[in-house]
Amino acid sequence: MRKPLRPVIVATIAAALALAGCKGDQATTAKPAGKATTSDTGGSLKGDFGPPQGEPIEAVLTSPPLVPPAVNRDYPAKVVVTLDVVEKDMEIADGVTYTFWTFGGTVPGSFIRVRQGDTVQFHLRNMPDSKMPHNIDLHGVTGPGGGASATFTAPGHVSRFTFKALNAGLYVYHCATAPVGMHIANGMYGLILVEPPEGMPPVDREYYVMQGDFYTTGKYREKGHQGFDMQKGVDENPTYVLFNGREGALTGDKALKANTGESVRLYVGNGGPNLVSSFHVIGEIFDKVWFEGGTRFQENVQTTLIPAGGAAILDFHVEVPGSYVLVDHSIFRAFNKGALAILKADGEERPEIFSGKEVDATYIGDQANPSLAAVGAAAKSAATGDLTVEEQVKAGEALFAGTCSTCHQANGQGLEGVFPPLAGSDWIKADPKRVPNVVLHGLTGPVTVNGKEYNSVMPPMSQLTDDEVANISTYVLNSWGNPGGKITKEEAAAIRKGPGLSTAAAEH
C-alpha cells in the first residue's frame with residue numbers, strides 16, 4: 001500500500017516559502033543604483049552612474065607611445081571622442097613599406113582616456129580617400145558588438161553612438177569589419193583606459209606600447225612595398241611581430257626615456273590578431289601588474305601573458321641607469337621578427353644594486369644602433385638602380401652589428417681558438433664568395449684561417465634577405481684589410497639556391 005503524499009507536499013511548500021523569504025530578504029538589502037559603498041570589491045558597482053555633469057569635454061587623444069593626462073575629475077562627464085580612420089603607406093621596417101589601416105593615422109591607434117561613469121559620445125570618421133568601410137569594437141563598451149554594429153562607416157562618412165563607461169580597466173579596441181582578421185592585421189587596434197573614480201596611482205612616467213603580428217607577402221625585411229598575405233594570417237605564421245607597428249619604433253633615438261629614481265607605468269596591449277604575448281622587460285621586475293587590464297594586481301612579476309585582444313598595466317621603479325629591453329619572450333619573435341623596444345634610463349650608477357657594464361649592443365642586436373637609416377638608403381638606391389658599394393658597406397655595417405658581431409666581434413678579430421677572424425682573412429681572399437655562401441648555408445667542422453685551425457659551428461642565416469646577405473658580405477669584403485669587391489643581390493639569390501661548402505671545399 002502506498003504512503004500518503006501529504007507530508008512530502010507540506011515539506012515542499014515549507015521549503016519554497018523559506019526560499020522565497022530568503023529572496024525577499026536579499027531584495028530588501030540590495031544596494032541602490034548609483035555610487036557604490038566602499039565595501040564593494042570591484043566591477044561596475046564602483047562607478048558614478050548619474051547623468052553627466054558640466055559642459056561636454058573633448059577627449060585628448062595621443063599617438064603612441066604618449067598617454068593623455070590623467071582625468072583628474074571627481075564627477076562623471078560627457079566626453080566626446082572623435083577618431084579618424086586613415087589608410088596610409090608607412091614603413092614597417094627600414095626600406096620596407098606596407099599599407100596600414102589605422103585609427104588616427106598611427107599603429108596602434110590613438111590612446112583614449114576617460115573616467116568610469118563617463119558618458120562617451122563616439123564619432124568615427126572614415127576618410128574620403130579610404131578604399132574600405134570600417135567600424136570599431138571597443139572592449140570597454142557594454143552593448144552589442146562593443147559599438148561595431150553602430151559604427152559601420154563607408155569612406156567619406158561619419159558614424160556616432162553613445163555609451164556609458166561602466167567598468168574601470170584597460171581595454172583594447174579594434175576594427176570588426178569583415179574580414180575581421182585582415183583589418184586587425186593591417187593595424188586597426190588601440191587602447192582605451194577607463195580610470196576608476198579615484199584615478200590611477202600617480203607615477204612619474206606613462207607610456208603606451210602595443211604588440212601586433214603582421215603578415216606580408218615578402219619575407220622579414222625584404223625590401224620594397226609588401227602586401228598582406230591572407231594565407232600566412234590564416235596559418236598564424238607572421239612575418240613580423242612588432243611593438244607600435246614598426247620595427248625599431250621604440251629604439252635608438254625613439255627609445256622610451258626615464259631617469260633613475262622614477263616610477264614608470266606601461267599600458268601594454270596586444271592587438272594580435274593571432275599571437276599571445278609573453279611580455280618582459282630585460283633587467284627589470286614589475287612591482288605591480290594589473291593583469292588582463294582589470295582592477296586586480298599581482299606583485300613582483302617577471303613576465304606576464306597578454307592575450308590577443310587583451311591588455312595589462314605594468315608598474316616598475318628604475319634603480320640603475322642603462323638600456324632596458326622590452327621583448328616578447330617568445331624570443332625568436334624579439335630577435336628575428338622585430339618584437340623589441342628599449343627604455344633608456346639616465347642617472348647615477350648604483351654599484352650597491354648592480355655592478356657591471358651596460359647591456360651589450362650585440363645582445364640587443366642592430367636595434368641598439370641610433371638609426372638603421374643606412375639600410376633604408378641602400379634600399380632606395382637599389383630600387384632606382386643607383387646602389388653604390390659605399391652604400392652597401394654602410395648598410396652592411398649596421399646589419400653586421402646585429403647578426404655577426406657577437407661571434408666575430410665588431411672589429412672582425414673573432415675569438416681565439418673558437419671563431420675564425422674575418423679581418424685580413426686569407427680564407428676570404430682565396431674566394432670572396434665564400435662569405436655569402438657561409439652566411440646562407442653555414443659551416444661546420446675544421447677550417448684553417450691565417451695559419452690557425454678553428455673547429456666550430458656557423459649556423460645558416462637563411463632568414464636574411466638576399467640584399468641583406470649582399471650588404472653584409474660587401475661590408476666584410478671592404479673592411480679590416482680584406483680584398484674589397486662587392487656581392488650583388490642577384491649573386492646572393494643564386495648562392496642561396498646552390499650547395500653549401502663542404503669542409504674539404506672550405507680548406508681549399
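**Close-up views of a predicted model**

**View 1. Packing of helices α9 and α11.** Helix α9 (residues 434–441) packs against helix α11 (residues 489–497) at an angle of about 55°, their axes lying 9 Å apart. α9 is therefore oblique to α11 (under 35 degrees is roughly parallel, over 145 roughly antiparallel, 65 to 115 roughly perpendicular, the rest oblique). The crossing of α9 over α11 is right-handed, the near helix being turned clockwise from the far one by less than a right angle. Axes are lines fitted to C-alpha atoms, for helices over the stretch in contact, with angles from 0 to 180 degrees between N-to-C directions. Helices (H or I, at least four residues) and strands (E, at least two) are DSSP runs numbered from the N terminus. The model is predicted: local features need pLDDT of at least 70, side-chain atom pairs count only at pLDDT 80 or more, and totals for chains, interfaces and linings use all residues. Residues are numbered from 1 along each chain as its sequence is written, and side-chain values use heavy atoms, without hydrogens and water.

**View 2. A five-stranded open sheet.** The strand order is β13-β21-β20-β15-β18, with mixed pairing. β13 (256–259) and β18 (303–306) are at the edges with a single partner strand each, so one side of each lacks a neighbour in the sheet. Neighbouring strands are turned by 20° against each other on average, direction ignored.

**View 3. Pairing of β13 with β21.** β13 pairs with β21 (residues 340–346) in the parallel sense over four bridges; pairing requires at least two bridges found by DSSP. Leu 256 stands opposite Leu 343 in β21.
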